[in-house]
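Have a look at the structure, then read on.

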Amino acid sequence: MTERDTLDLVLSAFGDQEIYDRVEAELEAGRMTLNDVISAEFATVTAPLDEVVAYVVEHARVRPGFAELVHARHPLIVSSGFHELIEPLLEREGVLGEVELRANRVDARPDGWRVIFRGLDTCGECGEPCKRGDLPEGEVVYAGDGYSDYCAALAADRIYATGSLARYLDERGVAYEPLTDFRALL
């Protein structure tokens, strides 16, 4: 949905860069799960939720064509992010009631945020709780940009990718279309 992942946006402004760098490397090396990484990263965020939401609403840029896509298709948004950060962006864009959102939640504590992961079964393909289980029956067009999209994208009929998802698909020789904006998905 956004040009820069909202979790990364929050962590760069309110988190601990050293811990971010260390656990991201552990994720890429396969020594930590995505959920473990997200938990470790957000334990370093101590800012009040309303301050962080205001920052996200001010700084997050939604990819062009998003509102048009939502009005036309009412997509399912599956995110490793948090309802508390995504819903204000959907509201800002005027599409809050027009999407189905499946995301985690956060308990924003002053001693470090605690992530409340939604209940996902462990995936038989990747061995982690992942977005693949959220994919609907029938033809799936998937748009993504990061690690949390790797497994689910492989189960889609058509993929739009950017960022590390595009690099991941390139390494595996999986066809996709570049995700530049959402007009192409219309």
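A word on the ground rules. This is a predicted model, where local features need pLDDT of at least 70 and side-chain atom pairs count only at pLDDT 80 or more, while totals for chains, interfaces and linings use all residues. Residues are numbered from 1 along each chain as its sequence is written, and side-chain values use heavy atoms, with hydrogens and water left out.

**The sheet**

- Helices (H or I, at least four residues) and strands (E, at least two) are DSSP runs, numbered from the N terminus.
- An open sheet is built from 3 strands in the order β1-β2-β3, with mixed pairing; two strands count as paired if DSSP finds at least two bridges between them.
- β1 and β3 (114–116) are the edge strands, each pairing on one side only.
- Strand β1 (residues 76–82) has 6 of its 7 residues buried, so the rest of the structure largely encloses it.
- β1 pairs with strand β2 (residues 100–107) in the parallel sense over 4 bridges, and Val78 has Arg102 in β2 as its bridge partner.
- β2 and β3 run antiparallel and are joined by 3 bridges; Val106 has Val115 in β3 as its bridge partner, and Asp107 stands opposite Arg114 in β3.
- The hairpin of β2 and β3 has 6 residues between the strands, and Gly112 there takes a positive phi near 125 degrees.

**The nonpolar cores**

- A nonpolar core is a set of buried Ala, Val, Leu, Ile, Met, Phe, Trp, Tyr and Cys residues joined through side-chain atoms within 4.5 Å.
- The largest one has 24 residues, and Val10, Phe42, Val52, Val56, Phe82 and Leu85 touch the most other members.
- At least two residues of this core come from each of α1 (6–14), α2 (17–28), α3 (34–42), α4 (49–59) and α6, with α1 giving the largest share, 5 residues.
- Another core, of 16 residues, lies apart from it; among its members are Val62, Ala103, Phe182 and Leu185.
- Setting aside neighbours within four places in sequence, Val52 is in contact with Val10, Phe14, Ala47, Leu85 and Trp113, contact meaning heavy atoms within 4.5 Å.

**The salt bridges**

- The structure holds 12 salt bridges, each a side-chain nitrogen of Lys or Arg within 4 Å of a carboxyl oxygen of Asp or Glu.
- Back to Arg109: it forms a salt bridge with Asp107, with the closest N and O atoms 2.8 Å apart. Asp107 is partly exposed too, with a relative accessible area of 29%.
- Arg118 forms a salt bridge with Asp134, the closest N and O atoms being 2.7 Å apart, and both Arg118 and Asp134 are buried.
- Glu100, Arg102, Arg118 and Asp134 are linked in a network of salt bridges.
- Arg172 and Glu171 meet through their side chains in a salt bridge (3.3 Å, N to O); Arg172 is partly exposed at 43% relative accessible area, whereas Glu171 is exposed at 63%.

Definitions and conventions:
Buried means under 20% relative accessible area, exposed over 50%, partly exposed in between (1.4 Å probe, protein chains only).
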